[in-house]
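Colleague: I'd like to learn how to read a few features off a model. Could you walk me through some?

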Amino acid sequence: NMVLELLSSFHKSPNLFIVGDEKQAIFRFQGASLENFRYFQEKHPDAKLIRLKKNYRSTQAILDGAGHIMKQAEGSLSSNIAAGEKIEVFEFSTPDVEMFALAQQIKSLIKKGVNASDIAVLFRDNKDAWAVLQMLEKQAIPFILEAEHDVLSDEDIKKLIVVFRSVEEFGSDELLFKVLSLDFWGLDPLSVLKEVRRARDKSITLTEAIRSSRVELLQEISKKMARWHTMAKNQSALDVFDDVVRESGFLAYLLSKSNSYVQMEKLRGLYEEMRLVAATPGRSSLNDFLSYLNVMAENGVSLRKNIKTSSAVGVRLMTAHKAKGREFTYVFLVNAYDGHWGNRKIRQTFLLPERIALATDTTSSEDEEERKLFYVALTRARKKVIISYSKTRLDGRSILPSRFIAEIAEKFRVKGDVSIYENAFKKKGDVLFASVKAKTPDYQEKKFVRELFSTRGLSVSALNNYLSCPWKYFYINLVQIPQSPNRSQLYGTVIHNTLRDFFNILIKEKKASKTYLLSRLKVHALRMFSKKDAKEVVGKGVKALSGYYDAYRKTFNAHVLNELSIQDVVLDDIRLTGKLDKVELGEDKEVNVVDYKTGRVRSRNEIEGKTKTSTGDYKRQLVFYKLLLDNHKKGKYIMKTGELDFVEPSP
């Protein structure tokens, strides 16, 4: 607000146009507040206030029912749609019956011809999603969960972390037994128990027992654990991650699952977190990462990742917060009980002084935001809203309905007949133990792979991988299996980032020194390598970049675009993507595209693929960049020339 105020204070009567709905200010933790509206009116008392009174989404019954919660006069917001059905409220005996009824009602709507994507189930918290999606899966109802997943609470990810801990604490029989009990090894549980007994009888450790086991697979695991432990003490956590997920069979295990896409996304989430930790100087080891996870666990911090969990068509599952700005034909509000929607317990992380605490009406402001959230949830519906809650918790304790339900005038709500679902559940109660019928996306579904291809797009490296081996493209570019970059790739990243910083300064200040260039080299080397390895990398980089600077310092072009990202090119329904290292702007639209290379200098014949060992990847890269650039922003630039800039000195 202060920034906006400063920007608009130049003129006495600035030309400002502010849009907002105080009834939907539900992101107070992000700064959205009713106070913003009041402050603006106080600051600019002469501003014209225009209230929009026409609604083009919901029926009048929904608008009036929701309006009562916000204490609006009936009809203050009018709909251009017919009056519509009343808001239907269901009170079930237990949470299980509530979820069962939800699935039955959704199945009925889909059977009547309603598109599954026109149905939304809204809940208060992310954790509410589990019961909903579990029931929908058992009833074979397609869904899309638009919520964050806690990567560290996933059972498969927990298995991998157990392996990491056992590798780090090699020799711990307790951890080793947990590792040997994991299903992805394909071990016979009885063979593991026999080794445990043999270790006890011979007074040796389990580690020693499996090393000398007659079971070949146990011997192999013993050798791998020992090698991974050595690697963990001498290499980065990323290197260990790479080896463990592949050689243990964990990666193949995930890819074989029916929800392989979801599990791979979680694995990628863990890898990205490890990469962030490893990027901190002096914290690149496996032990550093496990210590980091310990701190997260001790402080109740989760590792959140947004994952799309089904095909393009399906019932939408999301929190009410996430639903803001969205609309659906049918909206189900679940778990609408007191203390969950309204009257929530306030988490107090530290005690306020009594004088301040008494002056702060936290409960009132929290409930006002809850009221707005409930209003937002109701007004997501175009045609009908169904609210449900149960009279008891899973542990049998009684609970009350949300106070907001009673605040909807009786003429705008109707009590749903729960007897149909209660009786059906008594007959079909075993549905709780049914096997999962619906599938989240997996890489064997052609439709999903097409969607994934459309989302990922095609870069030149992806194209080269495909031409080299289609399966290489599939796993690296489509599935995006987490990969630890090798030493030469990390060195290339250091050089690229250093040159990016150098040319950014050159663009901004029209000059940049060799001292600055080499200082950025040291910074990026320390970010990518351990102190010991960084010293070696800097030595190699100084030699290359000093010569590069001396050779071109008189011809450096400041009229350039640095790391130009292109995502908007579609040719024959294929989305082409890419990031160009440097684009040198010339006359009119003509440009020269520069791509840095840190490998050995190649001859022209090698670049064009005319030698026995060359693949033509380099020339293909430049041709691909021309396709990208010539079609970017309706031909804003025309690539006249392409240049491969080999940074390393010639031998």
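Modeller: Strands here are DSSP runs of E, at least two residues long, numbered from the N terminus. Keep in mind that this is a predicted model. With that numbering, Glu648 sits in the segment after strand 15 (638–646).

Colleague: Is Glu648 buried or exposed?

Modeller: The cut-off for buried is under 20% relative accessible area. Glu648 has 14% relative accessibility, so it counts as buried.

Colleague: Which residues is Glu648 in contact with, leaving aside neighbours within four places in sequence?

Modeller: Tyr491, Lys540, Ala544, Lys597, Thr598, Gly599 and Val601. With Tyr491, the side chains make a polar contact of 2.7 Å. Lys540 is 108 residues away from Glu648 in sequence, yet their C-alpha atoms are 9.1 Å apart.

Colleague: Which residues of helix 14 are buried, and what covers them?

Modeller: Leu286, Asp288, Phe289, Leu290, Leu293 and Met296 are buried. Their cover includes helix 6 (155–168), helix 10 (216–234), helix 11 (237–247) and helix 13 (260–278).

Colleague: And in the largest nonpolar core, which residues touch the most other members?

Modeller: Leu267, Leu270 and Leu629, out of 76 residues. Helix 13 gives this core its largest share, nine residues. Beyond four places in sequence, Leu267 touches residues including Ile157, Phe241, Leu254 and Pro482.

Conventions. Residues numbered from 1 in each chain as written. Predicted model: local features only at pLDDT ≥ 70, side-chain atom pairs only at ≥ 80, totals over all residues. Heavy atoms only, no water. Buried < 20%, exposed > 50% of the residue type's maximum accessible area, 1.4 Å probe, protein only. Helix = DSSP H or I, 4+ residues; strand = E, 2+ residues; numbered from the N terminus. Contact = heavy atoms within 4.5 Å. Polar contact = N/O pair within 3.5 Å; in protein donor to acceptor, adjacent residues only side chain to side chain. Core = buried A, V, L, I, M, F, W, Y, C linked by side-chain atoms within 4.5 Å.
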